[in-house]
Amino acid sequence: MGTLLFIALVLLTYEGGVDKEEYIENERLFAEWDAQKLVLDNPMLPDLVRDGYYIVSESANYIGPNAKEPEQQYAGNTLSCTNCHLNGGTLSGSASWIGILDRFPQFRGRENRIGTIEDRINGCMERSMNGIPLPVPSYPMKAIVAYMDWISSEIPQVNSKIISGYPDIILPEVAVDLDLGKQIYTRECLLCHGSDGAGIRFQEKEKGYQYPPLWGEDSYNTGAGMHRVLTAAAFIKNNMPYLQASWENPKLSDLEAFHVAGYINSFSRPQKQNTDADFPDKKLKPISTPYGPWTDDFSPEQHKYGPFPPIVAFYEKTFKLKKTK
Ligand code: HEC
Ligand code: HEC
């Protein structure tokens with residue numbers, strides 16, 4: 001009898017939408033990162049590392065528009081690093097920072113030289129965060145790097161399957177269809193990110209966003225990786241809708257992620273200055289970089305929305321380069 005009552009209660013309280021097994025599976029995946037336990041309540045943690053965590057997860061308060069001193073306001077928008085690098089930068093499939101220091105210094109096409117981890121962080125500062133670089137010797141920069149170092153040694157035990165970056169999507173044959181993108185957005189994204197893409201702020205304004213903006217003045221700028229449709233599609237497929245998708249268990253198809261990525265990037269956002277200087281060797285520019293100049297004659301429209309296979313074929317034929325994004 002007790003068991004029956006229990007089952008009835010579970011059935012009554014269980015709300016449809018996601019199927020139950022999937023829900024439990026997702027709970028398992030996302031339960032692995034517990035910032036409270038691993039970071040905030042961890043007495044073994046050096047202060048520098050804990051501060052690094054605050055800086056990446058409440059960026060606006062420490063290095064952005066809500067920082068106390070104007071000279072600490074390096075970031076130009078109210079995003080946090082961890083809005084895109086989920087679970088404190090530890091989640092596989094969302095450009096996880098686990099093991100990241102081992103991969104730097106590395107060659108970067110955007111600057112056409114070997115870059116350090118600090119350069120890479122500042123790439124996101126100037127583009128994703130629409131701001132200015134953090135000085136390399138500054139406290140916030142040191143804290144962020146110390147935090148990345150710490151998760152690389154401590155977190156692999158709770159997040160064993162490490163993949164870097166985002167798993168690529170299969171390159172669509174077609175161009176983005178903005179009407180389809182809008183339909184997918186309305187169905188899968190609007191609830192959290194809003195009909196105007198402006199997201200939803202916490203009631204206490206200084207806490208920033210509960211659901212971050214996807215376009216408009218407070219979003220990433222035109223020079224950001226997320227502004228390239230193929231990069232955004234890969235992020236979205238492997239991470240969105242939030243808590244329903246993971247790289248092991250995505251919800252949208254490659255094509256759906258592609259159309260909706262084009263849709264969110266079809267609206268206005270802050271303009272990155274001096275983008276002509278990016279990729280001094282223009283043939284190394286990712287094909288979906290939406291701003292010129294390019295070493296090809298495809299239109300700006302085609303670089304932004306595709307179809308991409310003809311561009312891929314051109315680089316293969318002309319420069320023997322295999323491009324995936
Ligand atoms: C259930 C709410 C929810 C839904 C539905 C949802 N998102 Fe998100 N999204 C979030 C949250 C929360 C974050 C930030 C994650 C964090 O900080 O841990 C985020 C982050 C993002 C980001 C990176 C941060 C930014 O502001 O640029 C993008 C891009 C994004 N979502 C796109 C989408 C798209 C496209 C869809 C629909 C396919 C979608 N999201 C559906 C909640 C949601
Ligand atoms: C709007 C989304 C967004 C925000 C906000 C953001 N990033 Fe990124 N970040 C990206 C994207 C996109 C990439 C490239 C991922 C790829 O293509 O694999 C990236 C890459 C990186 C990388 C290199 C990862 C690798 O595997 O090589 C580092 C390090 C990084 N970001 C740090 C930061 C830090 C620190 C902040 C905050 C100061 C930040 N990011 C804010 C989107 C974002």
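What share of the 325 residues of the chain count as buried? In this predicted model, the figure is 38%. The secondary structure of the chain consists of 14 helices and four strands. Among contacts between residues at least 6 apart in sequence, 64% join residues at least 24 apart.

Helix 4, formed by residues 47-57, and helix 8, formed by residues 139-154, have axes that come within 7 Å and cross at roughly 100°. Angles of 65 to 115 degrees count as roughly perpendicular, and helix 4 and helix 8 are therefore roughly perpendicular to each other. On the side of helix 4, the contact is made by Leu48, Val49, Asp51, Gly52, Tyr53, Ile55 and Val56. Helix 8 contributes Pro140, Lys142, Ala143, Ile144, Ala146, Tyr147 and Trp150. By class, eleven residues of this contact between helix 4 and helix 8 are nonpolar, one is polar and two are charged.

The surroundings of ligand 2 were also described. A total of 26 residues surround ligand 2, and the closest are Cys81, Cys84, Cys124, Gly165 and Gly225. The shell around ligand 2 comprises 16 nonpolar, eight polar and two charged residues. Its largest share, four residues, is supplied by helix 7, which spans residues 117-126. Both domain 1 (35-157) and domain 2 (178-319) take part in the shell around ligand 2, with at least three residues drawn from each.

Conventions
Residues numbered from 1 in each chain as written. Chains lettered and ligands numbered in written order. Predicted model: local features only at pLDDT ≥ 70, side-chain atom pairs only at ≥ 80, totals over all residues. Near = placed C-beta within 6 Å. Helix = DSSP H or I, 4+ residues; strand = E, 2+ residues; numbered from the N terminus. Nonpolar A, V, L, I, M, F, W, Y, C, P; charged D, E, K, R; others polar. Domains from an automatic or database assignment. Axes fitted to C-alpha atoms, helices over the stretch in contact; angles between N-to-C directions. Parallel < 35°, antiparallel > 145°, perpendicular 65-115°, else oblique. Contact = placed C-beta atoms within 7 Å. Buried ≥ 20, exposed ≤ 12 C-beta atoms within 10 Å, placed from the backbone.
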